[in-house]
Amino acid sequence: MNGSPYTVSDVMSHTVVAVGRDAPFKEVIQLIEQWKVSALPVLEGEGRVVGVVSEADLLPKEEFRDSDPDRFLQLRRLPDLAKAGALTAGELMSSPAVTVHADATVAQAARVMAQRRVKRLPVVNDEGLLEGIVSRVDLLKVFLRTDEELAEEVRREVVARLFPASSESVRVDVTEGVVTLTGRIRDTSLVPLAARAVRAVEGVVDVEFRPGNGSSGEPR
C-alpha cells in the first residue's frame, strides 16, 4: 500500500466464499462455520451479486422454532417470520445487496458499513459481478502502516506542500501512529489545515502540533 487515499482494492480479499440462490439452509450454515465468516454473497448467472445471507438472516429460524407469535408480533416481524420458514439462500438473503466498488476509498467503504450496519461488503464491478469482499477488519489494515511510512508521507504530502518555505524547519515525528509536527511556521493560520491534512493520511491515529519560535496556535 503506497500513499493516500487507500482504496478498497488495497485491502479487500479476492478469495470469496459465496452461494447460489438454491443453496439449502444447512449448506449456508456449514459454509459460515467452516470459513468463519459472518455473511455470504448470493450469486446468480456469471457471478452477479443479488443478495447477501448474514447470521442475522439465519437466526429467525431458531428464534421462532418453538413459538407461536400473536398477530401484533406477526405484523411487526413479518420479514423475520418469512425467513424463519426459508429453506434456501434465495429465500433467506437480504436484497438488494449492499456492495462497494474496488475504487471506492477505505473511508467511503467504512461510511457505508456504518450507515447500513453491515460487517462485510461484496466488492463488485460495473456489471455487478463479484470481485472480492471487504470486511471491517480489512478496513483497519491501514493502521498497520509503520511510523516511518507515515512520517515520510506527512513530510511529502503535507509539510512540503503547505509549508514549502518552512519545510526544512518543520520536524515530523511519529510514535504509534500519532504524528507530532514541531517547528517554526510563518503563517499560523495554516496550522488547522495542516492538522486536518495529516489526519487524512491513511493510518494516522492522531496529530499534535508543537509550535517552535515564531509560531503559535493549536490544530482544530
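Strand β8 (residues 178-183) pairs with β7 in the antiparallel sense, over six bridges. Two strands count as paired if DSSP finds at least two bridges between them.

The model is predicted, so local features need pLDDT of at least 70 and side-chain atom pairs count only at pLDDT 80 or more, while totals for chains, interfaces and linings use all residues. Residues are numbered from 1 along each chain as its sequence is written, and side-chain values use heavy atoms, with hydrogens and water left out.

The protein chain has 10 helices and nine strands. Helices (H or I, at least four residues) and strands (E, at least two) are DSSP runs, numbered from the N terminus. Of the 220 residues in the protein chain, 41% are buried. Buried means under 20% relative accessible area, exposed over 50%, and partly exposed in between, with a 1.4 Å probe and protein chains only.

The pair described above belongs to an open sheet of three strands in the order β7-β8-β9, with mixed pairing. β7 (170-175) and β9 (206-211) stand at the edges with a single partner strand each, so one side of each is left without a neighbour in the sheet. On average, neighbouring strands of this sheet are turned by 20° against each other, direction ignored. Strands of a sheet pair through backbone hydrogen bonds, either parallel or antiparallel.

Two helices lie across this sheet. Helix α9 (residues 147-162) lies across β7 and β8 and runs at about 150° to β7. Helix α10 (residues 191-199) lies across β8 and β9, running at about 150° to β9. Axes here are lines fitted to C-alpha atoms, for helices over the stretch in contact, and angles run from 0 to 180 degrees between N-to-C directions. Contact means heavy atoms within 4.5 Å.

Another open sheet has three strands in the order β4-β5-β6, and its pairing is mixed. β4 (100-101) and β6 (130-135) are at its edges, each with a single partner strand, so one side of each lacks a neighbour in the sheet. Strand β5 (residues 120-124) pairs with β6 in the antiparallel sense over five bridges. There, the bridge partner of V123 is G132 in β6. Helix α7 (residues 106-116) packs on this sheet and touches β4, β5 and β6, its direction making about 130° with that of β5.

Which residues of α7 are buried? V106, A109 and M113 are buried in this helix. Seen down the axis of α7, the buried residues fall within an arc of 65°, so they line one face of the helix. The arc is that of the directions from the helix axis to the C-beta atoms. Their cover includes α1 (8-11), β4, β5, β6 and α8 (136-139). A114 and Q115, on the other side of α7, are exposed. Just after α7, R117 takes a positive phi of about 55°.

S38 sits in the loop between α2 (25-35) and β2 (39-44). S38 is buried, with a relative accessible area of 17%. Not counting residues up to four places away in sequence, S38 touches V53, S54, E55, K119 and R120.

How far can the model be read? The mean pLDDT of the protein chain is 89, and 88% of its residues reach 70 or more. Over residues 214-220 the pLDDT is below 50, though this stretch has 21 contacts in the model beyond near neighbours in sequence. pLDDT is the predictor's confidence in each residue, from 0 to 100. Where pLDDT is low, the predicted coordinates should not be read in detail.
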